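Have the sequence and the model open as you read.

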Amino acid sequence: MELIFVHGALVRDGMWWWQPAADLLLDRIGIRSRALKLPSCGETGSEPAAAGLTADAATLRRALDDVDAAVVVGHSYGGTVIAEAGRHPAVEHLLYISSYLPEIGQSQAAIMSGEADPASIADNGDGTLSLAGHEPSSFGARFLHDVDQQKQLQAWARVTRQAAKAFVTPTSAAGWEGVDSTYIVCKDDRSTSLDLQRFHADKATRFVEVSTGHHPFISRPDLIVEQVQHFQRPN
């Protein structure tokens, strides 16, 4: 069994974000983790503008082709990547963290269109988008208010531009359908609204609500491990 983490939008270096949870998972229950490198965020060496949702989903499918069994974790935009990747026989469980289970034909932009206070996104004019209107302190206050300042600064250093096609491409598959899944609702999230999280959580097999911000795998990795232990227990 291997765990594959699919990170959210407009950041890079997924393993840095996931590492606190990865360390606990390995120590407590012996599960190894890795983070997917998203082409749309420029993590695979190509120009991000040339990639998008389709390329990200293809990268996930290739990673799953290399394993016999996997838990796939989708954080925020990562859930849309899981949907577009479609059903894969290696997937034993899907774990969503403040994420999305889109229907076929929905884009990331469409999912977020109803949010009352969406994160401000700037068009760079080169086929990429960037997080706008933030500096380290405001970024930390919105996305990582429940971790220390050093972690906030380290996270800020990993904010990056991303292909616009990652946001506007409609999904052509719903890889979450028919797959056992758990959704972690982050009640203190200042990025994704509680209503939107609960809407998508209702599509999962089960969900749990925790009192954390947008990145519980950094602020409370023990809660992530607890959920993995829960769905791994024999019935």
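Predicted model: local features only at pLDDT ≥ 70, side-chain atom pairs only at ≥ 80, totals over all residues.

Residues are said to meet, or be in contact, when their heavy atoms are within 4.5 Å.

On the H2 side, Leu 53, Asp 56, Ala 57, Leu 60 and Arg 61 do the touching, and they meet Thr 80, Val 81, Ile 82, Glu 84 and Ala 85 in H3. By class, that contact has 6 nonpolar, 1 polar and 3 charged residues. As for the geometry, helix H2 covers residues 53-65 and packs against H3 at an angle of about 75°, with the axes 8 Å apart. That angle makes H2 roughly perpendicular to H3.

Setting aside residues up to four places away in sequence, Val 81 touches Val 6, Leu 53, Asp 56, Ala 57 and Leu 60. Gly 175 is 94 residues away from Val 81 along the chain, yet their C-alpha atoms are separated by 8.9 Å.

Next up is H10. This helix runs over residues 221-232, 12 residues in all, and spans 17 Å from first C-alpha to last, close to the 16 Å expected at 1.5 Å a residue. Which residues of H10 are buried? They are Pro 221, Leu 223, Ile 224, Val 225, Gln 227, Val 228 and Phe 231. The cover over them includes strands E3 (70-75), E4 (91-97), E8 (181-186) and E9 (206-210), along with helices H1 (14-29) and H9 (216-219).

Now for the H1 side of that cover. The axes of H1 and H10 come within 9 Å and cross at roughly 45°. That makes H1 oblique to H10, and the crossing is right-handed. From H1, the residues involved are Trp 18, Pro 20, Ala 21, Leu 24, Leu 25, Arg 28 and Ile 29; they meet Pro 221, Asp 222, Ile 224, Val 225, Val 228, Gln 229 and Gln 232 in H10. This contact divides into 10 nonpolar, 2 polar and 2 charged residues.

Pro 136, Phe 139 and Gly 140 in H5 meet Gln 152, Leu 153, Ala 155 and Trp 156 in H6. The residues here split into 5 nonpolar, 2 polar and no charged.

| Helix pair | Axis distance | Angle |
|---|---|---|
| H1 and H10 | within 9 Å | roughly 45° |
| H2 and H3 | 8 Å | about 75° |

Ser 219 lies in helix H9. Is Ser 219 buried or exposed? It's buried, because its relative accessible area is 18%, and the cut-off for buried is under 20%. Beyond residues up to four places away in sequence, Ser 219 touches Asp 146, Val 147 and Thr 212.

Ala 35 belongs to strand E2, residues 32-35, and is buried with a relative accessible area of 18%. Apart from neighbours within four places in sequence, Ala 35 is in contact with Phe 5, Gly 14 and Met 15. Phe 139 is 104 residues from Ala 35 in sequence and 22 Å away in space, C-alpha to C-alpha.

Key: Residues numbered from 1 in each chain as written. Heavy atoms only, no water. Helix = DSSP H or I, 4+ residues; strand = E, 2+ residues; numbered from the N terminus. Expected span 1.5 Å × (residues − 1). Buried < 20%, exposed > 50% of the residue type's maximum accessible area, 1.4 Å probe, protein only. Axes fitted to C-alpha atoms, helices over the stretch in contact; angles between N-to-C directions. Parallel < 35°, antiparallel > 145°, perpendicular 65-115°, else oblique. Left-handed = near helix turned anticlockwise from the far one by under 90°. Nonpolar A, V, L, I, M, F, W, Y, C, P; charged D, E, K, R; others polar.
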